[in-house]
Amino acid sequence: MEKIHLTTIINAPRQKVWDFMLGKGTYEQWTAVFSPGSRYEGSWDEGADIQFIGPNPNGSGEGGMISRIAVNRPHEFVSVEHLGIILNGQKVTEGEFAENWIGVHENYTFADRDGGTELTIDMDITESEKAHMQEAWTKALAKLKELVEAA
């Protein structure tokens with residue numbers, strides 16, 4: 001398993017960055033860079049199940065991730081553990097592609113920096129997905145920064 005590690009500084013307090021990143025309405029705005037129409041269903045509460053959903057690029061239903069919030073320390077840290085995938089609207093927890101995601105962690109760290117917030121993304125990833133996800137996360141963080149600082 002490979003790792004992605006990205007950091008950005010957002011000129012806003014941690015609570016505001018947290019609220020924009022995880023809030024129902026604003027989440028959909030910055031994650032559109034991953035896939036227009038991206039959303040989540042469920043809760044960010046520790047131990048809660050959450051699904052990250054968006055339209056499949058080929059137009060065949062919805063795709064996404066089946067996940068659980070492993071850790072949630074408000075305004076400091078969130079760890080998402082992926083449990084499977086959603087393929088054409090169906091939950092899949094077996095097979096090669098699903099197994100590439102099972103047990104993968106996606107971590108968000110929020111820290112005070114120079115009057116703003118340093119947001120760090122750490123993510124386990126397969127070698128075949130690393131370049132794509134690193135590029136997508138770079139664009140997503142830029143969009144999140146733009147949204148938070150404009151508000």
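Helices (H or I, at least four residues) and strands (E, at least two) are DSSP runs, numbered from the N terminus. Thr8 has its place in strand E1 (residues 2–10). The model is predicted: local features need pLDDT of at least 70, side-chain atom pairs count only at pLDDT 80 or more, and totals for chains, interfaces and linings use all residues. Residues are numbered from 1 along each chain as its sequence is written, and side-chain values use heavy atoms, with hydrogens and water left out.

Buried means under 20% relative accessible area, exposed over 50%, and partly exposed in between (1.4 Å probe, protein chains only). Thr8 counts as buried because its relative accessibility is 15%. Leaving aside residues up to four places away in sequence, Thr8 is in contact (heavy atoms within 4.5 Å) with Thr117, Glu118, Leu119, Leu141 and Lys145.

A nonpolar core is a set of buried Ala, Val, Leu, Ile, Met, Phe, Trp, Tyr and Cys residues joined through side-chain atoms within 4.5 Å. The largest such core has 36 residues, of which Met21, Trp44, Tyr108, Leu119 and Trp137 touch the most other members. Helix H4 (residues 127–150) gives this core its largest share, seven residues.

**Strand E3**

Five of the seven residues of E3 are buried, so E3 is largely enclosed by the rest of the structure. Strands pair if DSSP finds at least two bridges between them. The pairings of E3 are as follows.

| Pair | Sense | Bridges | A bridge pair |
|---|---|---|---|
| E2 (residues 39–42) and E3 | antiparallel | four bridges | Tyr40 and Phe52 |
| E3 and E4 | antiparallel | seven bridges | Gln51 and Ile66 |

The hairpin of E2 and E3 has six residues between the strands, and Gly47 there takes a positive phi near 85°.

**The largest pocket**

On a 1 Å grid over the protein atoms alone, a pocket is an open set of points where a 1.4 Å probe fits, with protein on both sides within 12 Å along at least five of seven lines; lining residues have an atom within 4 Å of a point. Grid points are joined across faces, edges and corners, and a volume is the space filled by probe spheres set on the points. The volume of the largest pocket is about 810 Å³. Its lining has 29 residues, with Phe34, Ser35, Gly64, Met65 and Met133 nearest the centre. Elements that each supply at least two lining residues include strand E3 (49–55), strand E4 (62–73) and H4. The lining divides into 17 nonpolar, nine polar and three charged residues, where Ala, Val, Leu, Ile, Met, Phe, Trp, Tyr, Cys and Pro count as nonpolar, Asp, Glu, Lys and Arg as charged, and the others, Gly among them, as polar.
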